[in-house]
Amino acid sequence: MSGNQAPAAAGSQADHDAAVAAAETKGHAAGVSAESKRLTTAMGAEGVKGDGGRMAAALDLAAKSPAMSGEDVSAFVVANVAATKPTGGADAAAYEQQRLAAASLAQPGNAPKPADASAGWKKAADSINKRIG
């Protein structure tokens with residue numbers, strides 16, 4: 001095509017704008033889907049899933065290295081981040097006791113009874129009466 005030839009008419013500007021908008025929408029949806037799959041792969045990999053420290057590292061690495069695949073992120077994290085050791089059952093038992101103790105406080109009628117206010121007023125009145133005379 002030489003520099004003197006005009007391009008063939010392809011349609012109106014409105015048709016062009018509509019085609020561009022449709023392409024942007026389709027491209028955005030494809031990108032969101034691909035990123036969701038990449039993060040799911042990185043976070044749900046064996047050795048990462050369920051380990052808070054490794055999951056945080058995988059999320060951080062995936063965010064800072066968008067060119068890495070989910071498989072590469074998880075492999076790097078498993079190889080370079082120490083696994084978090086699960087806590088023993090003692091913590092779970094202590095938590096359960098605290099939870100049950102707190103649960104009874106939330107029940108109606110379990111609140112501590114306030115002190116009788118009339119005793120306080122009687123004491124105040126007696127004190128005033130002694131000063132007056």
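1. Throughout this note, buried means under 20% relative accessible area, exposed means over 50%, and partly exposed lies in between, with a 1.4 Å probe and protein chains only. This is a predicted model, in which local features need pLDDT of at least 70 and side-chain atom pairs count only at pLDDT 80 or more, while totals for chains, interfaces and linings use all residues. Residues are numbered from 1 along each chain as its sequence is written, and side-chain values use heavy atoms, with hydrogens and water left out.

2. On the overall fold, the protein chain has five helices and zero strands, and its pattern along the sequence reads α-α-α-α-α; helices (H or I, at least four residues) and strands (E, at least two) are DSSP runs, numbered from the N terminus. Buried residues account for 11% of the 133 residues in the protein chain. Taking a contact as heavy atoms within 4.5 Å, 53% of the contacts between residues at least 6 apart in sequence join residues at least 24 apart. The protein chain exposes about 10,500 Å², of which carbon and sulfur atoms supply 62%, with accessible areas from the Shrake-Rupley method with a 1.4 Å probe, and for residues only the protein chains shown count as cover.

3. Helix H2 deserves a check of its geometry. The expected span of a helix is 1.5 Å times one less than its number of residues, so the 13 residues of H2 (residues 52-64) should span 18 Å, and the end C-alpha atoms, 18 Å apart, agree with this.

4. Which residues of H2 are buried? They are Arg54, Ala58, Leu61 and Ala62, and because they cover an arc of only 100° around the axis, they lie on the same side of H2, the arc being that of the directions from the helix axis to the C-beta atoms. The cover over these buried residues includes helix H1 (13-43) and helix H3 (70-80), whereas the face of H2 turned away from its buried side carries the exposed residues Gly52, Ala63 and Lys64.

5. At the start of H2, a side-chain oxygen of Asp51 comes to within 3.2 Å of the backbone nitrogen of Gly53. This is a polar contact, a pair of N or O atoms within 3.5 Å in which, within protein, one must be able to donate a hydrogen and the other to accept it, residues adjacent in sequence counting only if both atoms are side-chain atoms.

6. A search of the whole structure finds four salt bridges, each a side-chain nitrogen of Lys or Arg within 4 Å of a carboxyl oxygen of Asp or Glu. Among them is the pair Glu35 and Arg38, whose closest N and O atoms are 3.0 Å apart. These two residues are three apart in helix H1, which means that about one helical turn separates them; Glu35 is partly exposed at a relative accessible area of 33%, but Arg38 is buried at 11%.

7. In H2, Lys64 forms a salt bridge with Asp60, the closest N and O atoms being 3.4 Å apart, and the two are four residues apart, or about one helical turn. Lys64 counts as exposed at 62% relative accessibility, and Asp60 as partly exposed at 40%.

8. In helix H4 (residues 89-105), Arg99 and Glu96 are three residues apart and so separated by about one helical turn, and their salt bridge brings the closest N and O atoms to 2.7 Å. Arg99 is partly exposed, with a relative accessible area of 38%, and Glu96 is partly exposed at 33% relative accessibility.
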